[in-house]
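I have my notebook open and want to look at where parts of a structure touch. Here is what I am working from.

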Amino acid sequence: MFETLILMLDATMRVSTPLIFAALAGLFSERAGIVDIGLEGKILGSAFAAAAAAAIFGSAWIGLGFGILASVALAMIHGFACITHRGDHIVSGVAINTIVAGLTVTLSMYWFSMGGQTPTLSGDARFLSITLPFANALADVPVIGLIYSELLSGHNILVYLAFAMVPVTSWIIYKTRFGLRLRAVGENPHAVDTAGISVAFLRYRALIICGILCGIAGAYLSTAHNAGFLKDMSAGKGYMALAALIFGKWRPVPVLLACLLFGFLDAVAIRMQGVVIPGIGEVPVQAIEVLPYVLTVLLLAGFIGKAIGPKAVGRPYVKERA
Amino acid sequence: MSQAKVPTWVSVALIPFLNIMMAFIVSGLVILAIGENPIEAAGYLIYGAFGYDEGVGYTLYYATNLIFTGLAVSVAFKGGLFNIGGEGQAYIGGLGVGLVCLALDHTMPLYVIVPLAIIGAAVFGAGWAYIPAYLQARRGSHIVITTIMFNFIASSLMVYLIVNWLKEDGRMAPNSRTFEENAWLPYLHKILSPLGIEIGDSPLNLAFVLALICCVLVWALLWHTRWGYQLRTLGTNPTAARYAGIDTAKVTIWGMLISGGLAGFVGVNEIMGVNHSLLLNFTAGYGFAGIAVSLMGRNHPIGIILAAILFGALYQGGSELAFEIPTITPEIVIVIQGLVILFSGALEHMFKDRIEGFFIRRAVA
């Protein structure tokens, strides 16, 4: 029982990693006042760019670099539409998701002719598991040994990075001057403008950070979690990250917990497949799969707490005209 | 900057045309980048969509779905609501159609089943839109997020229902039994051939006529009824709408119900008209494509028909294109669709402000 739980938590960490990166990406963007439905597209775009570059150059790190570049480029399109041209944030996000869904397949067919996939990655082209020091030696120690060797050890570097990003994000958002301004521009851009700080530049920087984090999420999917790019491999993770962002009420630590909860539900859904619970019978996998979405709707409806986003989110900023 | 001084042809023709051209130019560059000739590609595309009877039939069949989802997005949009849940509403609408057909196809004639199936689609589609609508109107939950969540919930629900309850016994394929022929919506080529009009075989069916009727109804509802006026007022200026005594919550909910019902009609075309059984993922992205259609059609039924035919042509022509030039996949159509959303939606101000400014300056001078 204990071992099963540890294995499920282990799976939770792997599944939650892209959600954490993407949800933190969304946090930077939305805290600055830019709604980002395009998380999904950026993850998918980066997953493709990372897998393609890793396949060509044989290095997961170069793949990661290209993934980040692709994702930041998409974030800049979003910025160009929403900040520079005061376009609708949702429409722009939908546009990016749609373009990427088509473009990744088109380009992968052109470059690799493998029905919309990239070649299978192996060796240095993937991020491989890291065994923490003494993990094997401690494996036999009761309780702690299992937690250390199974749960904490044996993940790839991006998993650890995802968890490290949470305190880093907290620090940037709450403890730095940039973070203060970032939060201010999402609440009251007029005040920021009056203080002589460029609203547009601040928001562009938030989107660059958002792009970088989504880029890592995508690279994780195709070069660490899987061994290559598959058509539509982001499979709604961007939207789930958005749900986690709302569920965590736009704050780093609660967002992490929401991602872990959603990841855990995913691990439960896989494990519960075909399992008959005495007295209840077989729980349909779909019922567990939809829980993240149902919970988010309930939260939005105000049945479990209240989700209040940044005040100026989604509204284009127009300078007062004389 | 007052809108009134800008000539009508500029805002209804020139600016949309420029936006679409930008989308096509960028798509052309993509095709060029993968080493193919965009002009040649466009040639195959146009031939595939309009060059022969069957092609035209397929184009209009795709357009049927897009008219439904385009209208759905635009009705909500007129009320200032972004219904991104067309995909889920269409999916559940299809469930309504499927249940009616499965229940009645052994006992009832077609003329009884058709109206009931249409009602089933509308009720189920609208029902799926009701919860997000209610939460938006009464509890202030953001409709974009809730409708996205409902798309995922719809998808899981349909997998559950089809795999566990509606699947044909002893079969592996996740779809229901095929309906008896008296629950098939007639194909247009079968209706027209006794009248001496021969058109090629295609999935084009009576749902296309339903789509055109919906266009007329939506036009009448939005621009010629009191409720339509209230919805448009709400969309233009919610504060003014409240001060004018409009029950904004009620108008919001009804706007979303109509939107969801329209999206549900995709089920009539797909389930009753073409597939003749309830199956997974028949919505195939039409809900999202509806956003592009409504943006391009400028939220007006006539514009939506034109935009739906254009996108239908892209879908159909895209398959032809992929057949003729194998390096180009049908997914290129999705890229074009996304670029249309980008240029005529997100970047709409890019040309608009400058061109309108130009015409206003000229009018003043």
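**Ground rules.** I am reading a predicted model, where local features need pLDDT of at least 70, side-chain atom pairs count only at pLDDT 80 or more, and totals for chains, interfaces and linings use all residues. Residues are numbered from 1 along each chain as its sequence is written, while chains are lettered from A and ligands numbered from 1 in the order in which they are written.

**Entry 1: chain A meets chain B.** I looked up the contact and found 34 residues of chain A against 39 residues of chain B. Two residues count as in contact if their C-beta atoms, placed from the backbone, lie within 7 Å. On the chain A side, α4 (89-112), α11 (237-247), α13 (285-289) and α14 (291-300) each give two or more residues. Helices here are DSSP runs (H or I, at least four residues), numbered from the N terminus. The largest share comes from α4(A), with 14 residues. I then sorted this side by class: 21 nonpolar, 10 polar and 3 charged residues. Asp, Glu, Lys and Arg count as charged, Ala, Val, Leu, Ile, Met, Phe, Trp, Tyr, Cys and Pro as nonpolar, and the others, Gly among them, as polar.

**Entry 2: inside chain B.** Which domains does chain B have? I noted domain 1 (1-36 + 331-365) and domain 2 (54-326), with bounds from an automatic or database domain assignment. Their C-alpha centres lie 27 Å apart. Their contact takes 12 residues from domain 1 of chain B and 11 residues from domain 2 of chain B.

**Entry 3: the domain 1 side.** Here α1 (8-33) and α15 (332-346) of chain B each give two or more residues to the side touching domain 2. I see that α15(B) gives the most, with 8 residues. By class, this side of domain 1 of chain B has 8 nonpolar, 3 polar and 1 charged residues.
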